[in-house]
Amino acid sequence: MKSKTIHLECKNCGWQESYTEPRKRCPVCSDDILYARYDLEMLRKLDWKSEISMRKPGLWRYHELLPIKDPANIVTLGEGATPLIHAKNLGAMLGLKHLYIKDERQGPTSSFKDRQASVAVSVMHELGITEAAVASTGNVAIAYSAYAARAGIKMWAFFPDRVPGDKIREVALYGTEVVNVTGTYDQTKEVAARFAQSRGIHYDRGIKSIAAMESMKTMAYEIAEELDWRAPDWFIQGVSGGMGPIGVAKGFEELIALGLVDRVPALGIVQSAGCAPMIEAFNNDWPVAVPVENPTTVIATLSTGNPGRAYQLLYDLMKRYGGAAESATDEEAFEITRVLARMDGLSVEPATAVAFTGLIKMVRKGKIKPDDVVVFNCSGHTFPVEKTILGNAWMREVDLSDASPTPSVPEVSLLSAVEEVAAEPVRHVLIVEDNEDSARLLQRIFESAGGYDIRIATDGREGLNIARQMQPDLIVSDLMMPEMDGFQLIEELKSDQMLHHIPIIVLTAKELTPPERTRLAGRVDSLLQKGSFLNDELMQQIIDALG
Ligand SMILES: *Cc1c(COP(=O)(O)O)cnc(C)c1O
Ligand SMILES: [Zn+2]
């Protein structure tokens with residue numbers, strides 16, 4: 001590697017020095033978040049873009065812009081290079097054409113903390129550190145423990161209350177010493193810092209370290225590359241300390257300096273309602289957040305009560321590049337966890353569901369527009385909380401205990417057992433919808449609820465024919481369709497002796513005019529705006545309509 005020049009810079013007062021090793025704060029103004037600066041001019045002259053495209057995928061292909069001097073010190077598990085997935089079903093549900101999932105679950109320990117761990121542990125390794133302490137709400141400790149194991153660094157992990165036991169056990173498995181602190185996350189950080197000081201070992205300052213911010217910015221590089229060197233309109237994430245969006249914004253700023261993109265995305269930040277100091281501050285236009293002393297959320301991942309200086313940085317970025325802030329309750333998040341899994345196959349941890357709930361609110365409030373390109377940071381796995389999310393009665397049973405104890409199950413008992421599995425009252429539903437994606441989405445919603453038999457017609461004429469044949473229990477219809485539109489279909493249905501009793505739910509993308517409303521009045525059981533409903537709301541309307 002060519003020798004690189006890195007400077008440390010204080011954004012607050014402009015102080016600079018050549019980077020040799022991490023510093024706790026600015027020696028002039030004491031600001032405790034410093035920035036790493038690189039010779040971007042020089043890289044701009046080289047064809048960096050085509051050069052990296054020829055390297056192995058992953059975070060370290062950007063090594064010129066990461067704070068490591070000797071590549072021999074890199075500690076890697078193949079982090080980064082996570083896919084950007086087009087979320088078609090969730091997008092259709094929200095009326096977003098370009099919703100992308102940055103699937104950070106595909107990192108070595110299932111969260112974007114793998115990036116941080118790889119850079120931070122590499123820095124430790126380069127500095128000759130052999131023992132370190134970290135405070136964590138789960139994901140940081142898991143990631144650091146995995147990487148520290150590879151580097152032969154002894155780790156101490158300090159956890160606050162409410163971190164799921166399954167996460168803590170994974171940390172112990174990697175050989176990390178686990179310390180449980182009965183207190184808040186902010187208190188836990190203090191305990192960990194004191195412990196490290198008294199033992200004379202390295203304390204990882206998380207968001208306040210160069211390694212953390214530098215690692216997060218690699219998400220920006222990857223997103224830009226996947227979008228053909230464009231910046232999205234939005235980057236959305238659940239925030240605790242705020243490091244993700246701050247790092248991502250820095251990444252896009254560097255790409256602008258390199259002449260590779262033209263802007264920084266707006267930052268959509270989301271917190272748990274039980275610990276939302278940044279959301280409160282941003283929505284009141286306060287540049288400084290009021291700390292939350294006692295977070296009430298059970299979602300430990302998002303329980304930083306005092307965001308400190310990081311919020312000020314985030315506030316400045318959101319003012320400059322645009323932004324939106326929303327909070328979501330734990331209950332809302334648990335509900336949305338199921339939606340993410342059922343609609344697009346994404347098993348996520350609750351912190352990610354909090355973020356998605358916030359995204360839904362941003363769309364509904366018109367902050368995010370239907371044509372915006374939205375990138376959503378998706379991390380974790382439902383595993384530690386599945387007990388909570390699923391509740392009871394989520395499994396079917398095949399009972400063979402009555403079958404005679406022969407080695408193979410007799411054909412008859414097997415048949416009846418299998419029949420029982422699928423035995424449930426079935427309601428017949430006709431969907432009349434010309435848009436293929438919408439039809440598939442609706443079908444998916446019914447199927448994941450279970451107990452519905454679905455037929456699809458692609459215009460009113462076909463819908464009417466099928467309705468006459470099958471006598472459905474419910475009709476869900478679009479309005480704007482070729483051949484026979486929804487208005488005409490509904491008139492035909494209501495004037496037919498055999499069909500007029502069938503409940504009708506109308507789903508439309510169209511703003512209705514007053515005469516159109518009059519045409520539907522008294523004839524339909526409910527009218528939903530496409531892209532503004534969630535499947536659970538639709539299911540409720542369906543259950544109500546079916547009586
Ligand atoms: C760490 C983490 C967050 C919070 O990230 P910050 O950028 O540090 O605020 C959110 N969600 C998940 C899944 C996390 O692991
Ligand atoms: Zn300073």
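# Legends to close-up views of the predicted model

**Figure 1. Acidic surface patch.** A patch of negative charge on the surface brings together Glu397, Asp399, Asp402, Glu419 and Glu420. The structure shown here and in every following view is a predicted model. Glutamate 420 is classed as exposed because its relative accessibility is 57%.

**Figure 2. Nonpolar surface patch.** Val398, Leu400, Leu414 and Val418 make up a nonpolar patch on the surface. Leucine 400 is found in the loop between α14 (386–390) and α15. With a relative accessible area of 32%, leucine 400 is partly exposed.

**Figure 3. Overall view of the protein chain, for orientation.** The chain has 547 residues, of which 54% count as buried. Its secondary structure amounts to 20 helices and 18 strands. Taken along the principal axes, the C-alpha atoms occupy a box of roughly 85 × 65 × 50 Å.

**Figure 4. Aromatic pair of tryptophan 48 and tyrosine 62.** Nine aromatic pairs are found in a search of the whole structure. In the pair shown, the ring centres of tryptophan 48 and tyrosine 62 are 6.1 Å apart and the planes meet at 50°, so the pair is tilted. Tryptophan 48 is part of helix α2 (residues 48–53), whereas tyrosine 62 sits in the loop between α2 and β4 (84–86), so the contact ties together parts that are 14 residues apart in sequence. Both tryptophan 48 and tyrosine 62 are buried. Ring pairs also bring in Tyr221, giving a cluster of Trp48, Tyr62 and Tyr221.

**Figure 5. Aromatic pair of phenylalanine 282 and tyrosine 315.** The rings of phenylalanine 282 and tyrosine 315 have centres 6.3 Å apart and planes at 70°, so this pair is edge-to-face. Distant parts of the chain are linked here, with phenylalanine 282 in helix α10 (residues 277–283) and tyrosine 315 in helix α11 (residues 309–321), 33 residues apart. Phenylalanine 282 and tyrosine 315 are both buried.

Figure 6. The structure contains 33 salt bridges. In one of them, the side chains of glutamate 254 and lysine 217 meet at 3.0 Å, N to O. The two residues are 37 apart and connect distant parts of the chain, glutamate 254 lying in helix α9 (residues 243–257) and lysine 217 in helix α8 (residues 210–226). Glutamate 254 counts as buried because its relative accessibility is 4%. Lysine 217 likewise counts as buried, at 0% relative accessibility.

Figure 7. Lysine 361 and glutamate 332 join their side chains in a salt bridge of 3.2 Å, N to O. Lysine 361 is in helix α13 (residues 350–364) and glutamate 332 in helix α12 (residues 330–344), so the pair ties together parts that are 29 residues apart in sequence. Lysine 361 has a relative accessible area of 22% and is therefore partly exposed. Glutamate 332, with a relative accessible area of 30%, is also partly exposed.

Figure 8. Arginine 338 and glutamate 335 form a side-chain salt bridge with an N to O distance of 3.6 Å. Both residues belong to helix α12 and are three residues apart, about one turn of the helix. Arginine 338 counts as partly exposed because its relative accessibility is 28%. Glutamate 335 is partly exposed as well, with a relative accessible area of 33%. Elsewhere, salt bridges with shared partners unite Lys102, Glu104, Arg115 and Glu222 in one network.

Figure 9. Valine 506 lies in strand β17, formed by residues 504–508. Its relative accessible area is 0%, so valine 506 is buried. From valine 506 to leucine 8 the separation is 498 residues in sequence and 59 Å in space, C-alpha to C-alpha.

Methods: Residues numbered from 1 in each chain as written. Chains lettered and ligands numbered in written order. Predicted model: local features only at pLDDT ≥ 70, side-chain atom pairs only at ≥ 80, totals over all residues. Heavy atoms only, no water. Patch = residues over 30% accessible without salt bridge, like charges linked within 9 Å, V, L, I, M, F, W, Y side chains within 5 Å. Areas by Shrake-Rupley, 256 points an atom, 1.4 Å probe, with all protein chains shown as cover. Salt bridge = Lys/Arg side-chain N within 4 Å of Asp/Glu carboxyl O. Lys, Arg positive; Asp, Glu negative; His and termini not counted. Charge placed at Lys NZ, Arg CZ, Asp CG, Glu CD. Buried < 20%, exposed > 50% of the residue type's maximum accessible area, 1.4 Å probe, protein only. Phe/Tyr/Trp six-rings, centres within 6.5 Å; stacked < 30°, edge-to-face > 60°. Helix = DSSP H or I, 4+ residues; strand = E, 2+ residues; numbered from the N terminus.
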